[in-house]
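Please examine the chain shown below.

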Amino acid sequence: MIEIKNVSKVYKNNVIALSNVNISINKGEFIFLVGPSGAGKTTFVKLLLREIEPTSGEIYVNNIDINKLKRRQVPYYRRNIGVVFQDFRLLNNKTAYENVAFAMRIVGASSKEIKKRVPQVLSQVGLSSKLSSYPNQLSGGEQQRVVLARALVNNPVLLICDEPTGNLDPETANGIMEILDNINKSGTTILMATHARDLVDRMKKRVIAIEKGVIVRDQLRGVYGYED
């Protein structure tokens, strides 16, 4: 699913963000990416999204060598990846339904497909009764569920979550994690960058820890800060 081979990223100011990283992720895995601020997690995510390119090394996602993608090919590559951000990034002038439908429209889905799929995915995240609600009428947890629905609506093979519970209270965060766990059990590969120690410790998924751009731990059924 994901193969990262000898990848390093050095920014123009000579800051080493990642150094000789090697990771293999299988289809259907749930991965927590952890580490202190500045460890390299954001760079890792941006490389997978092809927002930036590595200084050296190879990155394969779903058997695609993404380093060799031409600029015009990148948007098509990203259609297979769902992304959930901490700060929601919803369109405030559109309802929950319209926000999710927009993600389908930009990939050329038909009106018939949109009318069928959008209610399905909003129901999947527990928002069947909120289709006509605007973001400012939704709680933080509900907004994040809309973001999840938007990320899932085009059936991505990979879901990348960048601190998806960072702005949520513990109870709401637990609800989001339950949804993510169910999504993963349906076959979607999930990579989640997070500082949420309690969630990581409770979920017992694979944990990849980064410090100063180096992978310091890669542990199945791991915890946030130490081996069990």
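N13 is placed in the loop between strand 1 (2-10) and strand 2 (16-25), where helices (H or I, at least four residues) and strands (E, at least two) are DSSP runs numbered from the N terminus. The model is a predicted one, in which local features need pLDDT of at least 70 and side-chain atom pairs count only at pLDDT 80 or more, while totals for chains, interfaces and linings use all residues. Residues are numbered from 1 along each chain as its sequence is written, and side-chain values use heavy atoms, with hydrogens and water left out.

With a relative accessibility of 58%, N13 counts as exposed; buried means under 20% relative accessible area, exposed over 50%, and partly exposed in between, with a 1.4 Å probe and protein chains only. The C-alpha atoms of N13 and P156 are separated by 35 Å, and these two residues are 143 residues apart along the chain.

For the chain as a whole, the secondary structure comes to seven helices and ten strands. The radius of gyration is 18 Å, which agrees with the value near 17 Å that a compact globule of 228 residues would have; this radius is taken over C-alpha atoms, and the globule rule is 2.2 Å times the number of residues to the power 0.38. Buried residues make up 50% of the 228 residues. Among contacts (heavy atoms within 4.5 Å) with a separation of 6 or more, 66% join residues 24 or more positions apart.

Six strands form an open sheet of mixed pairing in the order 6-7-8-3-9-10. Strand 6 (81-85) and strand 10 (214-219) stand at the edges with a single partner strand each, so one side of each is left without a neighbour in the sheet. From one strand to the next the twist averages 15°, with axes as lines fitted to C-alpha atoms, for helices over the stretch in contact, and angles running from 0 to 180 degrees between N-to-C directions.

| Strand pair | Bridges and sense |
|---|---|
| Strand 3 and strand 8 (residues 189-193) | four bridges, parallel |
| Strand 3 and strand 9 (residues 206-211) | four bridges, parallel |
| Strand 7 (residues 158-162) and strand 8 | five bridges, parallel |

I31 stands opposite L191 in strand 8, F32 stands opposite V207 in strand 9, and L158 has T189 in strand 8 as its bridge partner.

Helix 1 (residues 41-48) packs on the sheet, touching strand 3, strand 6, strand 7, strand 8 and strand 9, and its direction makes about 135° with that of strand 3. Helix 5 (residues 140-152) also packs on the sheet, touching strand 6 and strand 7, and its direction makes about 165° with that of strand 6.

Strand 3 (residues 30-34) is largely enclosed by the rest of the structure, because five of its five residues are buried. F30, F32 and V34 point one way from strand 3, whereas I31 and L33 point the other way, and all are buried.

G140, which lies in helix 5, counts as partly exposed at 26% relative accessibility. Not counting residues up to four places away in sequence, G140 touches F88 and L168.

Methods: Pairing = 2+ DSSP bridges.
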